[in-house]
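Me: I would like to learn how to read helix packing and aromatic pairs in a protein model. Could you take me through it step by step?

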Amino acid sequence: MSGPSDYQPSNPALQWIERRLPIFGLMHSSFVAYPTPRNLNYWWTFGAILSFMLGMQIVTGVILAMHYTPHADLAFKSVELIVRDVNYGWLLRNMHACGASMFFFAVYVHMLRGLYYGSYKEPREVLWILGVIIYLLMMATGFMGYVLPWGQMSFWGATVITNLFSAIPYFGESIVTLLWGGYSVGNPTLNRFFSLHYLLPFLIAGVVVLHVWALHVAGQNNPDGVEPKTEKDTVPFTPHATIKDMFGVACFMLLYAWFIFYMPNYLGDADNYIPANPGVTPPHIVPEWYYLPFYAILRSIPNKLAGVVAMFGAIIILCFLPWLDAAKTRSSKYRPLAKQFFWIFVVVCILLGYLGAQPPEGIYVVAGRVLTVCYFAYFLIVLPLLSRIEKPRPVPNSISEAILAKGGKAVASVAVVLVAAGALFLGSLQDARASEGSDTPPANKWSFSGPFGKFDRGALQRGLKVYKEVCSSCHGLSYISFRNLAEPGGPGYSVAQAAAFASEYKVKDGPNDAGDMFERAGRPADYFPSPFPNEQAARAANGGAAPPDLSLITKARSYKRGFPWFIIDFFTQYQEQGPDYVSAVLQGFEDHVPEGVTIPEGSYYNKYFPGHAIKMPKPLSDGQVTYDDGSPTTVAQYAKDVTTFLMWTAEPHMEARKRLGFQVFVFLILFAGLMYFTKKKVWAGSH
Amino acid sequence: MNPDASTIAAGAPIEVDLSPVAEGQDIKVFWRGKPIYISHRTKKQIDEARAVNVASLPDPQTDEARVKSGHEQWLVVIGICTHLGCIPIAHEGNYDGFFCPCHGSQYDSSGRIRQGPAPANLPVPPYTFVSDTKIQIG
């Protein structure tokens, strides 16, 4: 974009357009002929990765919006129906939900790269500030997107975050009412968040255009922080940067696909599989991992208004970075002190993120305060001071000189540190899903675990029998219809068998011509009827505790994994906290109550239930359900079968997910390899 | 973007019958989408709330100012933590009052903040006694 392009298309039709709208010249000068510094490393591919992620989020988001219903009573169900009934809906939803996390992961790497190499310094201040604006828009978009599934964490996250504005003196309360469109978070809030969540990504795309424009005016910074002087210092964007970016994107997609196909719920919160309930606060409200450092800053300050100001200040301060750091040398490569402080700052941010997921008590509060001070000290004390006292090492005269002097650098070790730290950070979220005050459920061997896991058909069929004969007298299964029983990846019944199964049920229908409701035999398209007409009836019939619907129970329950398990889980693809918990609770009833535990009247002691006092009496006993296939009729076997069945009801397309995941991985590895060798060939003459 | 007419209309005052609430019990009703705790306080709870040195509280307010005279046993508060809007749990915490599970704020038997990050007492909604056993909220 430096000066008018002299590009002329050879095709006469394109020439005709070009004379009237020089769009091909613009594209050519921006993405083909554009000179890019020769010494860029792989950290610079994150710009392309971010563009890719933005496109991905917009495309998947637009399709999801075609199936989503923004209404407080229907939103949760509509998301579940997307996952269950829409063609590849589970894929779209996983891509969009994990995509948000990957988008933030990439943006943090991109920002830290800018920080390390001084990419915010003159003449790139506006470029940097535009980046901070994009980041702010991303945070708003991400927050509102997380509200849309209307689960417990959606609802309470929205409550906590909108209440931040009530800290503003005088106008606070009216601003919050304006945000809600009511007297509390409710249907109007959901509607406006949906509208804004659809709008903001296009604003982001607009600011990205400005960001890229500013980039192409000032030119890219580079690891040595010296401006290109001669033609020898640069290479044309295409093919050099294009192919390198494609390799970077392919590698990034491998990580992305790992989440989509194998760990879709690793970054989410189990509580968000419970529909929003304004009357019950989850025991521990945690935002998504990418907000945790700022959440920790908010909580570490005892005054409400000051906490909110500090939280927003922690982001706004980035805008002033170009003037806080007045050092002439750009790259920390040549700034021995700045380099050390940079890594300390990265560790501070990660630790803040870890603390953001911990309960605000005891040592965590003290540590949070110390780290909050460190965070601000980096910008307000360390950087201004360093620019005065630090003696930078001599900077090379030109980029080509820097390349000649370059030895093998420890980029790999830095990458390892960053990945390990990132895993710690991401995993800290797992810590937050605590079910406090209970024993850890024992890990089981599940047929559906691991990258090639499949449901055991026999267990699914036996589990269905246990559900029908035992569980269904109190627990509903309202997201499952009889036709699902005949679908691939399920219990393996034929369509006729599913129809016969359905006809055993009585389903309420109507009104008929006379205006009356009537009962008829079930059809395959009907859903499992719930045992109680509404939650209040369920509550009243069960001593005040409504038996939860079991459709999603294995995804809506979890337990604390703790350090270092959550890191190991990422690599072993351990996703079975929910099934382990459900199976443990079914077997955790004990007649003998240990000393020091008091169980209220009407409750029962359960070893694994949080708080130990459960309202459900021991549901299973040996020999209660007969099995036709000779499997042992023990409580352990019942628990295993019904849990397997409930894992299928929570995720009926799991087998398809893992199968497609394997195919995608084979493709991506081949594609990345191809890109790598092409890149080597293209760059052969330039290193 | 302010509340529309139907939302405002749905926020009209409601009447609550107190006769089924036994001493030491509390009920939760929803008004304008907000949970309202109505506690039938025991003698002990009232005495505890009145024994406190008001000046020592983070948000000084006497118990007398937070209940209607002649109906001291009834405490009516909006059950929304003044910190960040979670719903505190009744009959928990160290002060015989409310405990917020989100960030650990503790309120006493008069709904006043005693410990934790919340800046203010649980607000008392506008209400009047229609009769001895019935209140109107709003």
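Predicted model: local features only at pLDDT ≥ 70, side-chain atom pairs only at ≥ 80, totals over all residues.

Me: At what angle do the axes of helix H5 and helix H25 of chain A cross?

Reply: Two packed helices are described by the angle between their axes and the distance between the axes. Helices here are DSSP runs of H or I with at least four residues, strands are runs of E with at least two, and both are numbered from the N terminus. Axes are lines fitted to C-alpha atoms, for helices over the stretch in contact, with angles running from 0 to 180 degrees between N-to-C directions. In chain A, the axes of H5 (residues 89-116) and H25 (residues 654-683) come within 10 Å and cross at roughly 65 degrees. H5(A) and H25(A) are therefore roughly perpendicular to each other (under 35 degrees is roughly parallel, over 145 roughly antiparallel, 65 to 115 roughly perpendicular and the rest oblique). The contact (heavy atoms within 4.5 Å) is made by A:Trp90, A:Leu91 and A:Asn94 of H5(A) with A:Ala656, A:Arg657 and A:Leu660 of H25(A).

Me: How are the rings of A:Tyr467 and A:Phe528 arranged?

Reply: A pair of aromatic rings is described by the distance of the centres and the angle of the planes. Rings of Phe, Tyr and Trp (its six-membered ring) pair if their centres lie within 6.5 Å, and planes under 30 degrees apart count as stacked, over 60 as edge-to-face and the rest as tilted. The count comes to 61 aromatic pairs over all chains. The rings of A:Tyr375 and A:Phe376 have centres 5.4 Å apart and planes at 75 degrees, so this pair is edge-to-face. A:Tyr467 and A:Phe528 also form an edge-to-face pair, with 6.0 Å centre to centre and 80 degrees between the planes. This pair links distant parts of the chain, 61 residues apart, with A:Tyr467 in helix H18 and A:Phe528 in the loop between strand E4 and helix H20.

Me: Is A:Phe528 buried or exposed?

Reply: A:Phe528 is buried, with a relative accessible area of 3% (buried is under 20%, exposed over 50%, partly exposed in between, using a 1.4 Å probe and protein chains only). A:Pro531, in the loop between E4 and H20 of chain A, counts as partly exposed at 29% relative accessibility.

How values were computed
Residues numbered from 1 in each chain as written. Chains lettered and ligands numbered in written order. Heavy atoms only, no water.
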